[in-house]
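Please keep the sequence and the 3D view at hand while reading the points below.

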Amino acid sequence: MLRRYEGGRDNNKRACYDPRELECQMQYATEERVRRLKGLCVDVPEPGIYIKPFGYDQPLGARQPRNNTSLDAPDPLARPLRDMALEFLHSESQYKVLLLMGDPGSGKTVFVRQLERDLWSNYTGPNNPIPILINLPEFSNTGADLLTQVLKSKCFHPEHIQYLRRSKRQFILICDGYDEAQVQGNIYNQNRFNREGQWMVKLIIACRSDKIGRDSDGRFQPEVDDRYSFKKLDQFQKAAMASFTLQQIKEYVGEYVAKQLQVAAIPRDSGGAQKVVQRYSSEVVPSTEPHDLWSVPKYIETLTDIPNLMELVKNPYILSFILDHLPKIAGSSQDVSRSRVSFDELYKYIFDHWMGVGKQRLHGKTMSSSEQQALGRLTEYGFTTTCMEYLKDLAVEIFTRQRNDPVVEYSHLRHKNTDSWKTRFFGPDPESKLLQESVPLIRSGNFYRFVHPSLLQYLYSLAVFDPNSSNDDNDDNDDYGASEWNSGGFDSDDSRGGGRGMLSRTSPGALLEKAPRSLQGPASQHAQAAEKVQALEK
């Protein structure tokens, strides 16, 4: 700050700078800007529904994250994911990078947003690290002083940015959307974090597990001065998100019902809101209420009655849009699990919604010219239609070639010449890559599987006969009971290996014979489909 001091008796004034006061004013102005950033994050309403997730410590070299094997309780190896993140951040050890992995729809984005809010809520001043959530696809060059780019985008003055770097302020960078960004190289090393004269940072990167190969650790491990030193292994941690348990599903449904009541125009007095929520969480929704809202027990009962659905909604993303759609497809049916129309419509809705969101992700993603051309070809015929053809063909190949294993192993260097059918679906060409990103497939290293085996069953049934194209000849039996649906396919209770349920040893042709009559269609069409599958087997 410019200060004026009076001189001697001649009262001449001499202009000079007071470095200490200048530093204090710069610190105050910078901290004021940081607090504004805190207000932008903390003061906004919480979006969506947040249920505290569990996670696994992921040792280096682990091939794929675990999944819950039971809905009743969390895996004993799972821990609260927030506690794991805080241990990493507050540890005085040398850990600098945490890689947070999760299947598509497992809730990574919701978690990192809540983590940023929690960190800001505990922020009291310059002695605390500054948490910043970064959406990586918004920045085209993540290797060129990423933090400076982020601060500029948040309206920090260049002098404030220089002061933060010069004063060695600690930052917590939470990077989301890694799988959607065109990240070239190692973010931590390219930005030279924690080097002399550079930003002091602890880095959290959230990424889909299907984007992490078996030997992808080099994309995240910090580099030390001695590149041959094993110390760099001690600076890198992994964590994998666990799927929902039954208790978490119930908590989510309870929060969902409460939010539905908030949206509905239900008048309440100062103390009546909680009573209304309790009424709708009871066994029966009061018939006097004018709104057609479901209770928590009704949602849980419906999710339990429809075969395989409770296993499907262990994925938070699927659970969220299933709750929106269940009352619409149920209608006035007294028994949703026995309704052929509702069952078909439910699975159709799952695929349509998943691939619709996948299409939006692709359009918002930074792509190469070859990927843009591939996307144009995929959308020319109809993006959802193209994805469904891809999935149905894949389902037939898995049933006919994999025999009793729904998990496909594919490495391009190993299988490109020996397993051409795998290359067609999982090869490196742009169209295959874009399709894989948009459909409910999960990749763990070199292994590919569906989000749940029941999706594979459904797709195979559509491949041999599509109920939506049937006529009245197959309306003699509308029974979609669980016993018929599972009689010749997957054992839906077997989730060994993270959902790696086993197919029955029954051949696809015999499986078709055991399918529900409502899936088989007219006798002539059914015979043709069986002959086609048997020919494929030979």
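The model described here is predicted.

- At least two lining residues come from each of helix H15 (412–415), helix H17 (430–438) and strand E11 (441–444).
- Sorted by class, the lining of this pocket has 12 charged, 11 nonpolar and 9 polar residues.

- Strand E11, which contributes to the pocket lining, runs antiparallel to strand E12 (residues 447–450), and 4 bridges join the two.
- Across this pairing, Ile442 stands opposite Arg449 in E12.
- The two strands form a hairpin with 2 residues between them.
- In the turn, Gly445 has a positive phi of about 70°.

**Aromatic pairs**

- A search of the whole structure gives 19 aromatic pairs.
- One of the pairs is formed by Tyr256 and Tyr299, in an edge-to-face arrangement with 5.8 Å centre to centre and 90° between the planes.
- This pair links distant parts of the chain, with Tyr256 in helix H7 (residues 246–263) and Tyr299 in helix H9 (residues 296–305), 43 residues apart.
- Tyr256 and Tyr299 are both buried.
- Phe321 and Tyr349 also form an edge-to-face pair, with 5.7 Å centre to centre and 65° between the planes.
- Here too distant parts of the chain are linked: Phe321 belongs to helix H11 (residues 316–330) and Tyr349 to helix H12 (residues 340–363), 28 residues apart.
- Phe321 counts as buried because its relative accessibility is 2%, and buried means under 20%.
- One aromatic cluster is formed by Tyr390, Tyr410, Trp421, Phe425, Phe426 and Tyr448.

**Charges over rings**

- The charged end of Arg33 is placed over the ring of Phe156, 5.2 Å from the ring's centre.
- Over the face of Phe88 lies Lys202, at 5.1 Å from the ring centre.

Key
Residues numbered from 1 in each chain as written. Predicted model: local features only at pLDDT ≥ 70, side-chain atom pairs only at ≥ 80, totals over all residues. Heavy atoms only, no water. Nonpolar A, V, L, I, M, F, W, Y, C, P; charged D, E, K, R; others polar. Phe/Tyr/Trp six-rings, centres within 6.5 Å; stacked < 30°, edge-to-face > 60°. Buried < 20%, exposed > 50% of the residue type's maximum accessible area, 1.4 Å probe, protein only. Lys NZ or Arg CZ within 6 Å of the ring centre and 35° of its normal. Pairing = 2+ DSSP bridges.
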